[in-house]
Amino acid sequence: MIDFAHMLKENFQIVYSDETLNEIKRSGEYANKFLDVLNDLNACHLKQMMTDSFEPTDKATISKKDSYLAYKEYCDQLPLYQELLGSMMQTVFKIYGGRKGDNFEEINSELLGAFSNLMVHLHEQADTLNDSSPNLAYIIKDTAKTSLEHMDSVLKQSASLMSSNVNNEENWSGVRDFRNAMNIGPVELNNISPPNVLEKIWDLYKDKEEYKNLNWTVDDFFFLKADLISPGKSFFNFQKITCIYNHLNFIGYYPDSKTYKERRFTAALSDQGHASIASFTDVIFSRDENFVKKTRAAYEYLGIKTEVILVTLDLRNKP
């Protein structure tokens, strides 16, 4: 698709994100080939801006940076953080039918172990401040201790609640159970056409026994009213896209296939990340029709102007 690449280079400022670098890292020995392409396309690094206290904002920056340098900086991130992020996704993976044979307590134990490792690291870093800033060192250590105790309590409650509501949790699939209970899945949902995709989807569910007495709206159904992880804090469009994209996958609107397999689940998370970060751009191109359908639906509802273009490859004249 070299002609397509030249067209992009001539007409757009191409950007890549940390999600791109994450995918390149998973490619293993092929990483250099992808990094060379980014450099050949004069691609810039698109990165979400954070506040001084590391809170997310609704702004992003682009910087001209050699892709090899950006990739090294990404790979040099503390492995403990990546371990924790990976562990946090295991419960979601379980909901999609993964982790066969494992129960909620086992999965939460892994998450607690990863979180504990991070808190130990934080405690060790605080030790370096004992002489220069003893009060700060104490606060950091105390916060790490309190956070670990809170995480332990929350995970125990979570495992207990989920176990009490799920039969045969070792072989459970939240996706399968939900679609069966609603009697709605890809067959029904994929007949929905723009405009107002999310509103039309909610129309299929709102009179179901489980929802009709809740006084819910579209925002409730797609978890858009507040950030469930950080209640009370700003909830930006790029975060809402993640909620919408994941829920569309979950209920079965042009869903990613075989997400009960870890490789396919990881790929679906990457697509979700691309949809989120691309909201800072003018155009995103994709050859994945399911990705395009879900991303367009999310952008339409949120009023995001980013154009989502489906790329087709014509092989009729190729040898």
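Predicted model: local features only at pLDDT ≥ 70, side-chain atom pairs only at ≥ 80, totals over all residues.

Reader: How are helix 5 and helix 13 oriented to each other?

Author: Helix 5 covers residues 79-95 and helix 13 covers residues 262-277, and the two pack at an angle of about 110°, with their axes 11 Å apart. Angles of 65 to 115 degrees count as roughly perpendicular. Helix 5 and helix 13 are therefore roughly perpendicular to each other.

Reader: Which residues of helix 13 meet helix 5?

Author: The crossing of these two helices, helix 5 and helix 13, is right-handed. From helix 5, the contact takes in Met89, Gln90, Val92 and Phe93. By class, the residues of this contact are five nonpolar, one polar and one charged. On the side of helix 13, the residues are Glu262, Phe265 and Leu269.

Reader: Is helix 12 parallel or oblique to helix 14?

Author: Helix 12 and helix 14, the latter spanning residues 289-302, pack at an angle of about 135°, and their axes are 9 Å apart. Angles over 145 degrees would count as roughly antiparallel, and 65 to 115 as roughly perpendicular. The angle therefore makes helix 12 and helix 14 oblique.

Reader: How many nonpolar residues does the contact of helix 12 with helix 14 have?

Author: Helix 12 passes helix 14 in a right-handed crossing. Helix 12 contributes Asn237, Lys240, Ile241, Ile244, Tyr245, Leu248 and Asn249, while helix 14 contributes Phe291, Lys294, Thr295, Ala297, Ala298, Tyr299, Tyr301 and Leu302. Beside three polar and two charged residues, the nonpolar ones in this contact number 10.

Reader: Which helix gives the most to the lining of the largest cavity?

Author: The largest cavity has a volume of about 60 Å³. Its lining consists of Tyr96, Tyr245, Asn246, Asn249, Thr259, Phe265, Ala268, Leu269 and Gln272. With four residues, the element that gives the most is helix 13.

Reader: Which strand gives the most to the lining of the second largest pocket?

Author: The second largest pocket has a volume of about 1500 Å³. Of the 36 residues that line it, Ile14, Val15, Thr20, Ile284 and Phe285 lie nearest its centre. Elements that each supply at least two lining residues include helix 1 (2-11), helix 2 (18-26), strand 3 (56-63) and strand 4 (283-286). The one that gives the most, with four residues, is strand 4.

Reader: How many residues of the lining of the second largest pocket are nonpolar?

Author: Ile14 and Val15 are among the lining residues that lie nearest the centre of this pocket. The lining also holds seven polar and five charged residues, and its nonpolar residues number 24.

Reader: Which peptide bond is cis?

Author: Most peptide bonds are trans. Pro195 is found in the loop between helix 9 (186-189) and helix 10 (197-205). With omega near 5°, the cis bond is the one from Pro194 to Pro195.

Reader: What is the value of phi of Asn196?

Author: Most residues other than glycine have a negative phi. Asn196 has its place in the loop between helix 9 and helix 10. Its phi is positive, in a residue other than glycine, and lies near 60°.

Methods:
Residues numbered from 1 in each chain as written. Heavy atoms only, no water. Axes fitted to C-alpha atoms, helices over the stretch in contact; angles between N-to-C directions. Parallel < 35°, antiparallel > 145°, perpendicular 65-115°, else oblique. Left-handed = near helix turned anticlockwise from the far one by under 90°. Contact = heavy atoms within 4.5 Å. Nonpolar A, V, L, I, M, F, W, Y, C, P; charged D, E, K, R; others polar. 1 Å grid on protein atoms, 1.4 Å probe; cavity = no way out; pocket = protein on both sides within 12 Å on 5 of 7 lines; lining within 4 Å. Points joined across faces, edges and corners; volume = space filled by probe spheres on them.
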